[in-house]
Amino acid sequence: PVSAASAATVADGAAQPNPADPSRLRILITNIVLDARTGTEIVTRDLALGFSARGHQVEVFTNLPGGISGEIEAAGIPLFTDPARLQRPDVIHAKHFEHALPVLERFPGVPALAVCHDPVNLNARSVPHPSVRRWSAVSENCRRRVARETGLPLEEVTLLPNYIDLALGEAPAEALGPGRRWLYAAEKRDAKPLRQPLQCLGRCFFRTLEQAALFSKPRRIVDNYPALARNYDLVFASDRCATEAAAAGAPVIVCDPRGLAGFLTPGAWREWSDHNLGEICLTRANSLWNLAAEIRKADKAQARAVARLIRDERSLEAGLDRLEAIYRDISAT
């Protein structure tokens with residue numbers, strides 16, 4: 001819903017700056033679904049709450065609201081499924097092109113930042129559009145996809161990695177009781193092919209394997225994954241899940257059913273971070289031998305060093321700063 005006071009600041013055909021503070025932006029964030037806790041849903045929540053806390057006027061557009069959308073609305077941020085109800089923004093942060101297209105068509109001339117979060121999913125495809133002033137991607141693999149689909153030179157596609165709300169990892173951790181445990185974070189893929197060898201190795205290393213899933217049919221869904229992850233001796237994860245666990249200080253082995261990268265050390269972070277700890281890094285098979293070798297490398301001191309790197313480079317505040325600069329840049333062109 002839009003108040004009369006805020007509606008009065010919007011003229012037909014153009015967004016007007018806030019007369020009380022021209023530095024504040026009207027930001028519209030799109031995401032195809034907000035019903036679970038996948039990567040783009042977490043990003044949408046974090047950006048919406050972060051920009052709102054900075055005094056910007058934020059609205060969110062989605063096709064399918066659900067669990068995580070309640071967290072956005074609870075913060076007083078308007079969320080809509082009908083483009084006709086949206087205010088004209090100053091800038092559009094667009095994910096999932098097919099979903100964002102009705103918004104781009106409703107507000108011609110409003111500059112958009114398009115962000116690709118997946119190197120293969122059809123919903124994440126990039127289609128040239130006059131409103132998109134900047135193309136970006138969360139990993140090098142995604143950058144190559146954007147360049148291929150748009151015809152742009154690779155250097156014109158901005159690498160915009162995942163930024164992490166570090167406060168989540170500092171929240172009170174869940175009490176797990178006695179015992180030594182490993183955590184397997186399974187997001188969207190079939191977990192069974194990797195869960196079976198990890199369970200076998202857990203018995204060999206006298207560890208209990210628990211599984212957390214962050215999608216719509218979870219074995220165990222969690223509200224604050226980073227706070228949970230730091231309670232475990234070792235976390236097996238990839239992509240954003242691996243980064244969030246590592247930011248909270250958990251030792252992480254980067255893997256998923258597609259393959260194995262290895263134990264996340266500071267050197268490995270430097271090598272793998274631009275790939276979002278994702279598919280390009282997963283170059284080895286999830287054999288018992290390979291997994292056991294990486295498990296033996298796990299070291300809490302190395303994990304703490306990785307956490308410091310992520311906190312220095314990937315804090316949500318740093319991401320908000322960078323996005324604000326991009327929004328102002330594309331608005332000026």
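A: At 53% relative accessibility, R270 counts as exposed; the term means over 50% relative accessible area, with buried under 20% and partly exposed in between (1.4 Å probe, protein chains only). This is a predicted model, in which local features need pLDDT of at least 70 and side-chain atom pairs pLDDT 80 or more, while totals for chains, interfaces and linings use all residues. Residues are numbered from 1 along each chain as its sequence is written, and side-chain values use heavy atoms, leaving out hydrogens and water.

The partner of R270 is E313, and the closest N and O atoms of this salt bridge are 2.2 Å apart. A salt bridge here is a side-chain nitrogen of Lys or Arg within 4 Å of a carboxyl oxygen of Asp or Glu. R270 belongs to helix α10 (residues 266-272) and E313 to helix α12, so distant parts of the chain, 43 residues apart, are linked. Helices (H or I, at least four residues) and strands (E, at least two) are DSSP runs, numbered from the N terminus. E313 is partly exposed, at 28% relative accessibility.

Salt bridges with shared partners also join R45, D46, E71, R240 and E244 into one network. The whole structure has 18 salt bridges.

Another pair is R181 with E210, with closest N and O atoms 2.6 Å apart. R181 is in strand β12 (residues 181-186) and E210 in strand β13 (residues 208-213), so this pair ties together parts 29 residues apart in sequence. R181 is buried, at 16%, and E210 is buried too, at 18%.

R143 and E140 form a salt bridge of 2.8 Å, N to O. Both are in helix α5 (residues 140-150), three residues apart, which is about one turn of the helix. R143 is buried at 11%, and E140 is buried at 15%.

Helix α12 (residues 300-313) also meets helix α9 (residues 239-247): their axes come within 8 Å and cross at roughly 110°. Axes are lines fitted to C-alpha atoms, for helices over the stretch in contact, and angles run from 0 to 180 degrees between N-to-C directions. T243, A246 and A247 of α9 touch V306, A307, I310 and R311 of α12, contact meaning heavy atoms within 4.5 Å.
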